[in-house]
Amino acid sequence: MTTSDASIFVGREAELQNLLQFAREALAGKSGVAFVTGKAGSGKTALIEELCRRLCAEDERMVVAVGRCKRGSVSYFPFRALLEDLLAPSSLWTNRASALRDPICEVVRDVIREVGVEVVRIFFPSGAAKILDQEVQPDFSGMTLSKDVEQVQLFGWYTQIIKAISQRFPLILLLEDLDLADVSSLHLLLHLGREMKP
């Protein structure tokens, strides 16, 4: 169990140590994907929150972004949420001081401007210019790519963004309620798992 006010965590220490070892190896360059499974109410979220709390205590530059899956949501919903979490200063991991939080968000914006503006335009077409402080957007109306090519391109852009951010900051991406994820999100997760290698 955990309580956010007192930061008390009881039980699941073996599981927590396994996850800490996995995370430390990943942060040392051995990227990977870990799944935490269990029945509803068994403490999965509390376990992950404690994991992130300890990792953030070890490295104040740690960036944690959360994407929650919802039944019947639009395609790539949790990955849209991850980008929003990385772009919104108020939602980076638990009360991070603005002196650190704001530079992290600016780095994320710089990365997206450099390698993946198209992803934000696809995911947030009405808010992309505001998010990235841009007034002019290129016209993609003449593009006639097949859905397969569009997906490959989208996966490539998203992967570049995540790789570039992870080269600047230690990065943890959390996807909650993955059993509710849409097929497109599962395909993107599989792609990231294959591509996020040193």
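From the N terminus, the order is β-β-α-α-β-α-α-α-α-α-β-α. Residues are numbered from 1 along each chain as its sequence is written. As the model is predicted, local features need pLDDT of at least 70, side-chain atom pairs count only at pLDDT 80 or more, and totals for chains, interfaces and linings use all residues; side-chain values use heavy atoms, without hydrogens and water.

Of the 198 residues, 36% are buried (under 20% relative accessible area, 1.4 Å probe, protein chains only). Among contacts (heavy atoms within 4.5 Å) between residues at least 6 apart in sequence, 65% join residues at least 24 apart.

Aromatic rings of Phe, Tyr and Trp (its six-membered ring) pair when their centres lie within 6.5 Å; planes under 30 degrees apart are stacked, over 60 edge-to-face, the rest tilted.

| Pair | Centre distance | Plane angle |
|---|---|---|
| Tyrosine 76 – phenylalanine 155 | 6.2 Å | 90° |
| Phenylalanine 79 – tyrosine 158 | 5.5 Å | 85° |

The pair of tyrosine 76 and phenylalanine 155 is edge-to-face because the planes stand at 90°. Tyrosine 76 sits in the loop between strand 3 (63-68) and helix 3 (77-87), and phenylalanine 155 in helix 7 (residues 147-168), 79 residues apart. Both residues are buried.

Phenylalanine 79 and tyrosine 158 are also edge-to-face. This pair links helix 3 to helix 7, again across 79 residues. Phenylalanine 79 and tyrosine 158 are buried.

How values were computed: Helix = DSSP H or I, 4+ residues; strand = E, 2+ residues; numbered from the N terminus. Buried < 20%, exposed > 50% of the residue type's maximum accessible area, 1.4 Å probe, protein only.
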